[in-house]
Amino acid sequence: MDQQPQNTTEEALNAKFEARIAAGETIEPKDWMPERYRTQLIRMMSQHAHSEVVGMLPEGNWITRAPSLKREMVLISKVQDEAGHGLYIYCGTETLGVDRAELVDQLLSGRAKYSSIFNYPTLTWADMGVIGWFVDGAAIVNQTVLAKASYGPYARAMIRICKEENFHKKQGYEIIATLAKGTPEQKAMAQGAVNRWWWPSLMMLGPSDTNSPNTAELMRWRVKRKTNDELRQRFIDLTVPQADAVGLTLPDPDLKFNPETQHYDFGAINWDEFWQVVKGNGPCNRERLQARRDAHENGRWVREAAEAYAAKHSSPAQSAA
Amino acid sequence: MTSNETQWPLWEVFTQKDDGSPHEHAGSVHAADAEMALQNARDVYGRRGNVVSMWVVPSAMITASPSDQAGPFFEPGAEKIYRHPQFYKIPRGLKGF
């Protein structure tokens with residue numbers, strides 16, 4: 001007896017939701033949304049937040065070995081920004097009704113995914129330059145579009161992040177430009193980093209449209225506004241002239257401008273490598289997760305001390321528990 | 001005490017960008033107490049010197065308007081078109097209004 005009216009209500013709510021999406025309206029946390037929209041956003045946003053957090057590790061590796069005090073201060077600021085970006089997006093994800101502790105647990109237990117790119121090692125100082133230039137460059141291409149996502153808290157976090165990422169990309173490109181006009185060894189170091197990071201950076205924008213199970217649904221809901229292949233093409237078109245400007249070559253013999261399409265054609269991506277890294281078999285997957293687990297365990301006494309301090313000083317208006 | 005795996009309370013963060021501007025919602029932070037919430041909020045939402053004042057409020061203390069009845073709830077304001085200056089007609093060509 002009860003079943004019929006409930007279905008009708010659900011259908012009506014769903015129709016209203018789809019109409020709001022179609023009209024380009026922004027969905028806010030307390031608005032009704034289909035369960036599937038909620039779970040897809042939690043998956044996508046938490047993966048994004050985890051990527052920011054794990055993304056601190058490859059660069060953190062070089063903080064104590066930066067070539068100058070200026071570069072060290074810049075790198076610390078950048079890594080701190082990544083922590084902040086993780087917090088912006090965790091905060092947005094929590095508005096969907098999921099607990100922060102649960103998200104962290106998903107990461108530490110290996111159930112959650114994060115960007116494949118951070119499972120590659122940072123072997124030289126030039127890697128700091130290329131990460132800012134390629135990895136943050138690709139992230140900007142992706143996040144500029146996500147800043148128009150239909151879910152308000154996600155879009156607002158992206159706007160905040162995009163403003164800060166421009167510093168990341170520019171400082172990276174400056175490192176590479178400086179090395180590229182340095183000694184032959186320095187230029188070779190820059191070229192080596194470019195060679196190692198180019199293909200993983202292209203993969204970072206996600207599987208090809210023909211093999212991306214979530215894209216169609218996320219596009220329909222206007223969470224994503226461009227497909228992975230469209231974003232990848234845009235990143236390539238932007239980056240090729242930047243490589244030319246500093247006299248470095250991108251490691252793809254098939255890369256050339258196509259006057260008909262007005263885009264750069266490029267060679268085949270090794271998707272087998274991508275899926276291997278996604279499945280946990282990249283060069284640094286285990287090391288990255290272990291570093292996060294160690295950080296969580298080693299921070300335990302800080303959390304305990306902060307709670308004890310808060311309990312001791314709590315007044316009725318500021319109870320901590 | 002071993003309750004450190006429990007979730008610290010959530011605080012909503014409001015920032016004022018410059019003197020004279022209103023405080024606007026920036027996001028949220030988890031913290032054990034108000035002092036820590038302010039410090040975390042400063043580190044997360046004020047890293048670039050673009051904030052002159054900050055409020056933190058326990059999220060649980062905020063009462064929000066009902067989102068599923070936003071229409072009826074705000075209707076009394078929307079229907080009073082005579083509150084807007086466009087409602088009134090004045091002689092053509094008159095300046096200074």
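The pLDDT is the predictor's confidence in each residue, on a scale from 0 to 100. In this predicted model, chain B averages a pLDDT of 87, and 95% of the residues score at least 70. Within chain B, helix α2 (residues 70–78) has the lowest confidence, with a mean of 80, while strand β3 (residues 53–58) has the highest, at 97; helices (H or I, at least four residues) and strands (E, at least two) are DSSP runs numbered from the N terminus. The model scores are ipTM 0.81 and pTM 0.89.

Turning to the interface, 27 residues from chain A meet 27 residues from chain B, contact meaning heavy atoms within 4.5 Å. The two chains bury about 2400 Å² between them, 47% of it on carbon and sulfur atoms; buried area is the accessible area (1.4 Å probe) that two parts lose on being put together, summed over both. Lys30(A), Arg160(A) and Glu307(A) supply 24% of the area that chain A buries against chain B, more than any other three residues.

Inside chain A, a helix pair is worth a look. The axes of α6 (residues 126–146) and α8 (residues 184–204) of chain A come within 9 Å and cross at roughly 25°, axes being lines fitted to C-alpha atoms, for helices over the stretch in contact, with angles running from 0 to 180 degrees between N-to-C directions. α6(A) and α8(A) are therefore roughly parallel (angles under 35 degrees). Among the residues making this contact are Trp133(A) and Phe134(A) of α6(A) and Trp197(A) and Trp198(A) of α8(A).

Residues are numbered from 1 along each chain as its sequence is written, with chains lettered from A and ligands numbered from 1 in the order in which they are written. Local features need pLDDT of at least 70, side-chain atom pairs count only at pLDDT 80 or more, and totals for chains, interfaces and linings use all residues, while side-chain values use heavy atoms, leaving out hydrogens and water.

Note on methods
Angles under 35 degrees count as roughly parallel, over 145 as roughly antiparallel, 65 to 115 as roughly perpendicular and the rest as oblique.
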